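Hi,

Here is the structure I promised to pass on. Please have a look at it first; my notes follow below.

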Amino acid sequence: MEFEAVIGLEVHAELETRSKMFCACPVVDSTVAQPNIAVCPICAGMPGVLPVVNQRAVEYALRVALALECQINHTSLFARKNYFYPDLPKGYQISQYEQPLARHGKLVIVTSQGERLIRVRRVHLEEDTGKLTHVSRDGQAYSLVDLNRAGVPLLEIVSEPDLHTAEEVRQYATALRSILRYLQVNSGDMQKGVMRIEPNVSVRPLGSTEFGTRTEIKNLNSFRALERGVAFEIQRQIEIIQKGGQVIQETRGWDEARDVTFSQRIKEGEDDYRYFPEPDLPPLVVEAEWIETVRRDLPELPAARLLRFQQNYDLGSYDASVLTLEPAVADYFEQAVQAASGIPPKTIANWITGELFGLMNQAGIGIEELRVTPEALAELTRMVVQGEINQNTAKAVLAEIFESGQPAAEIVARRGLSQISDADFITGLVQQVLSENPDQIASYLAGKETVSRWLFGQVMRLAKGQANPQVIQTALDRQLQELKNRPR
Amino acid sequence: MSTLTELSLSEVTTGLRHGNFSSRELAQAYLERIERLDPALHTFLTLTPELALVQADQADQLLSDWRKNGGAAPSPLLGIPLAVKDILCVAGVRCTCGSRILENFIPPYNATSVARLRQAGMVILGKTNTDEFAMGSSTENSAYGVTHNPWDLSRVPGGSSGGSAAAVAAGLAPLALGTDTGGSVRQPASLCGVTGLKPTYGRVSRYGLVAFGSSLDVVGVFGHSAADAALVFAQMAGQDTLDATSVELPVPEFQPDASTKPSLYGLRVGVPGEYFITGMQPEVEAAIHQAITILEELGAVIQPVSLPHTQYALPVYYLIAPAEASANLARYDGVRYGPRQPAEVMWDVFRHTRGELFGPEVKRRIMLGTYALSAGYYDAYYGQAQKVRTLIKRDFDQAFTQVNLIATPATPNTAFRIGEHADDPLSMYLEDIFTLPANLAGVPGIAFPAGFDSKGLPIGIQLTAASFQEDLLFRAAHAYQQATDWHTRRPSLNQS
Ligand SMILES: [Zn+2]
């Protein structure tokens, strides 16, 4: 029997506003900040305090909802989601339930099977919880509560169960992250937990319209974990059903080391959070005018930029999508193109996605930390195109700019790396190589054509790698031809 | 010096301004009276004499500066003592909410109402007794013992703001703050023979009011007269950026008419038949009709009016308030403040802390509310209650198209004996039957003395107005108090 996976994603993205959702505490990086440094009576849930909505957080949420082409509810409601946990100061989370901020959005993703449209069910605002750390010291086990994160604005983006493969899940998450970064509302750093993705996965016989029992996967803290976790879970469920078993509704964790999901909590029916409208907050009213202002101020989004890159810079869809995923990369590319007038953008794209990304990956740094300015890369590219240095030299120079940040011209001059294009000089080198290697010439003339490649290498070696390969090739071809034509 | 506590508020204000006595002397007089009389009454849970004297000295400084340099007259509340219900936060002062679960809780912030009164220069004497988390009508649910009614020590003062009401009635504070979720200001005001105002929902910031029923809770005030209460109201009312449900509307100033018969000409007063029920104390009914006659004599037009959904107020209230309370009280888990009952595992810490430190009435309401919100019951209980609440609100909207004020008894009976309702929560709940509807509708109400029964216990009348029309309540209650002297009567406490 063939199976189909049905997957929906719940994405929680912290909104990186200056202050928290309902109080004036600053939003800090809770992975590095001193515990409980950004806490006040309101986010600590002390008696008698009240929440006040951070309008900037609403604006950020609107940006995302509009970027996902959602319908915005002019009036949405906050609700209390009740449950006990030590990281939840009030014993309830202020969230949105029956009337969320936005509904009915969509996101188009590109997969190896082509474009797919994924519907977004809802986008709503809520507050994040604190963090627990479990400690064992002197034989005593206890937990520490850090409320720095408690009350940080959180956006929940829920997809319809429109995803069917691990690849689609990854592409959806990647596209969403890209949008969040373009909108400057979230860094998309899954390691730091500012973006958290929880897929719910079920499988069913292909062609069936009924849903199977679903499981939810938690603590996936990278895209790799997301893709592998989903793939594992799909396979696990298929195997259970094939063996005649039944999938249990449960929350499963991802074990990064063992590459498996494991049972965390079995759900007997739905959790009862006893939602009810938050009496401390009036309905959240978003005037049409405000929506229009936010819409007008939306930056160019990844999809539009990708299309523009393809059209304006004559890039293929792969290059364009790689360059537009990160707004900073796209900006870098465009700055380099601008600085290198007359150089084909495709050439610059190749340098960025090839050499530059390679160096960045090796060093483990992002584009923001890069010492190679777009102008420097443009200059380097120009030198190659205009034959001042050859490709290999350029790679070496780039590696040095990457380390030192020095201008390309300076490195080339200092190290005497300028390319030799003098035809007479190169012809002399060719003649020298030919006269010193009569045996190779003989075998070439006997029909062993590959000898010409070896001869090319010998000439380049004599030129210390700086000769223009085009000029060598021409001179070599011409002289070999002469030898062939010489009567024997 | 003890005579200072017998002066009217306007006499005190005048005396302070003229320098006839100091705010310090005034505070000391009250503190001495508290020390003498409160052991029998138990109105205060925490006294703050050091704080009071520091604040009084600051007031005296301002008063003396003003006498020296002139300028705008200081607030009439400058240097005046205030008692605060122990459910409103005063920075640095223990706030128990009448519960063991907050036994040692010291808030680092002021309630906005408290902050605004402090800004006017009021002097805080201490924190008064309350039913645990304001859940009750007698203070019998306080974890720290019951408050006694100054008119009869064997009787309750009403509740939940019973400590504040009794303190004002006994002359232990000229003014006191309470909170009113279902009648917790008006009912004890009625039972203690003082004036108690419940403002419109949203009129006074709830910031720093430890929440019970968030959609119902209002900060109110007790005084000996409507004019006194109006001063405190004016100072604490108005929008607050810390409370998103506080309303941005101007607070009209109430100027009391000093004549003995201020005119109520032009006011229409509705009398709803639904509030004169069988089973209520006949003396109460008679007194209220008598009081309504006086309002008529002052020029008001009296007419019948109907609030047809009144009978549903009690069940609606006992679904909505406990539902909200069940969430509001979830934060008391022993993790961040308050006592913690140790246990091996986390869930047992919660279980023991909450199980052992909440009192029975609080637990009863948490369970009621949790049930009303549960999946499968929500629509039938909480959801249905919200719909009926809308109908009750509509009753008032409708009535206020015909009349300016609604006059009713504040309570069906005068003060009951301590322990009288101890085994029957429902009969206790019925004590608030006339005050609950105003909270559900959000409208303002005022209760004030309108006579005494044959046992010498105060009877209270309640006036209700449309939202944000507290000034009408003050006008009518003040006129009544100019024409009568019930509000000037004091219990005799010296022999007790
Ligand atoms: Zn805070």
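The centres of domain 1 and domain 3 of chain A, taken over C-alpha atoms, are 67 Å apart. Chain A is assigned domain 1 (3-204 + 269-290), domain 2 (300-414) and domain 3 (423-485); such bounds come from an automatic or database domain assignment.

Please keep in mind that this is a predicted model, in which local features need pLDDT of at least 70, side-chain atom pairs count only at pLDDT 80 or more, and totals for chains, interfaces and linings use all residues. Residues are numbered from 1 along each chain as its sequence is written, while chains are lettered from A and ligands numbered from 1 in the order in which they are written.

Now to the strands (DSSP runs of E, at least two residues, numbered from the N terminus). Strand E8 (residues 131-137) of chain A pairs with E9(A) in the antiparallel sense over seven bridges; pairing requires that DSSP finds at least two bridges between two strands. Thr133(A) faces Leu144(A) of E9(A). Two residues lie between the strands of this hairpin, where Asp138(A) has a positive phi near 50°. Strand E9 (residues 140-146) of chain A lies largely in the open, because zero of its seven residues are buried (buried means 20 or more other C-beta atoms within 10 Å of the residue's own, with C-beta atoms placed from the backbone).

There is also an open, antiparallel sheet of three strands in chain A, ordered E5-E4-E15. Strands E5 (92-96) and E15 (276-277) of chain A are at the edges with a single partner strand each, so one side of each has no neighbour in the sheet. Strand E4 (residues 78-82) of chain A joins E15(A) through two antiparallel bridges, with Ala79(A) opposite Pro277(A).

Best wishes

How values were computed. A residue is buried if 20 or more other C-beta atoms lie within 10 Å of its own, exposed if 12 or fewer, and partly exposed in between; C-beta atoms are placed from the backbone. Helices (H or I, at least four residues) and strands (E, at least two) are DSSP runs, numbered from the N terminus.
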